[in-house]
Amino acid sequence: MKTVNICLIGAGRAGMIHARNFQNIIPQSRAVAVADPFEEACKKSCDELGIDRYYLDYNDVFKQEDIHAVVVATPTKYHCDIVKRAADAGKHILCEKPMAMNVRECDEMIEAAERNGVNLQLGFMRRFDANFIAAKQAIERGEIGEIVHIRSLTRGPSKPQEWMYDIEKSNGPLAEVNSHDIDCIRWLAGSDLEHVYALAGNYRNKEIAGEWPSFYDNVVLTGRFENGILATIEGAQYVKYGYDARVEVLGTEGVIHIGKQDAYGYRAVNKEAGIHTPFVSSWTELFSQAYLNEDVHFADCVLQGKKPRVTGIDGKMAVKIVNAGNQSIKTGTTVKL
């Protein structure tokens with residue numbers, strides 16, 4: 001195989017980032033088909049990608065021998081079934097976060113990939129971002145001494161979609177917003193969380209509180225890693241001011257800050273407005289190069305028979321922490337992992 005033929009399953013924003021990379025930028029890959037239950041979404045995606053092949057039922061994808069791999073970018077509740085069927089059909093898989101709804105589903109997905117000898121890579125693109133990689137290397141070199149505390153936050157500007165209101169079906173912002181934070185701090189700490197405690201509330205979407213009393217749009221999760229490092233994660237939806245993703249790693253001899261808020265490298269100053277700096281508006285803007293690096297890695301792993309850097313185990317651990325955090329919110333107790 002000299003070129004990886006890829007089908008996108010789920011033609012939303014995240015999926016199309018991958019599809020554009022595979023079709024237009026990465027020479028060793030091609031986006032050859034799209035699968036989505038909404039025909040208009042399929043047609044729109046195919047038009048942009050310059051292809052004419054789409055499926056309204058993702059099961060039809062797995063019958064196509066010329067498709068070598070799939071990108072799974074559907075709502076989370078469909079991930080487990082799609083990944084298992086793809087693995088059984090011998091397709092390599094790049095699965096967007098969150099990996100699944102619970103640990104049992106993650107285990108089934110991992111088992112299916114291992115049994116069929118296919119790669120299952122998780123879409124944690126921050127591990128492929130140059131700034132996060134530099135921070136990881138600085139930590140490993142001991143530049144800030146021993147790590148004491150890692151704090152990560154992600155705040156999104158958009159109003160939550162209606163399907164997110166049912167926490168039992170969406171797993172809430174801890175899954176949809178903070179999966180990247182959870183994976184990132186695990187990676188930077190080089191350890192797994194020992195226990196977590198979380199608090200949450202609905203501050204910006206109060207009109208739906210009566211119908212969906214368990215919904216939260218702001219969450220703070222704290223915990224301690226098995227190696228003693230302290231952890232804090234903050235998540236927020238519908239903050240409106242822009243997309244905000246930052247990490248702070250505090251050590252015994254220094255600190256590392258990761259992330260930026262300025263959309264461009266300039267500031268405007270005038271008498272009326274004072275200092276004005278355009279803010280980052282979207283994760284698609286902030287992590288575009290990281291997505292590309294992630295997709296290049298996926299194609300390389302398929303072509304060269306290598307295991308991906310980010311695996312189903314990483315996805316499973318993030319889901320495990322999400323479930324524990326939601327349990328903590330519900331019960332008001334610390335949850336051991």
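The model is predicted, so local features need pLDDT of at least 70 and side-chain atom pairs count only at pLDDT 80 or more, while totals for chains, interfaces and linings use all residues. Residues are numbered from 1 along each chain as its sequence is written, and side-chain values use heavy atoms, with hydrogens and water left out.

**Terms**
- On a 1 Å grid over the protein atoms alone, a cavity is a set of points where a 1.4 Å probe fits but cannot get out; a pocket is an open set with protein on both sides within 12 Å along at least five of seven lines; lining residues have an atom within 4 Å of a point.
- Grid points are joined across faces, edges and corners, and a volume is the space filled by probe spheres set on the points.

**Cavity**
- One cavity of 30 Å³ or more is present, and the largest cavity holds about 40 Å³ of space.
- Its lining consists of P98, M99, A100, F124, A175, S179, G315, A318, V319 and V322.
- Helix α11 (residues 312-331) supplies the largest share of this lining, four residues; helices (H or I, at least four residues) are DSSP runs, numbered from the N terminus.
- Eight residues of this lining are nonpolar, two are polar and none is charged (Ala, Val, Leu, Ile, Met, Phe, Trp, Tyr, Cys and Pro count as nonpolar, Asp, Glu, Lys and Arg as charged, and the others, Gly among them, as polar).

- The largest pocket has a volume of about 1400 Å³.
- It is lined by 49 residues, of which R13, Q161, W163, M164 and E176 are the closest to its centre.
- Two or more lining residues come from each of α1 (13-25), α3 (79-88) and α6 (167-170), with α1 giving the most, three residues.
- By class, the pocket lining has 24 nonpolar, 15 polar and 10 charged residues.
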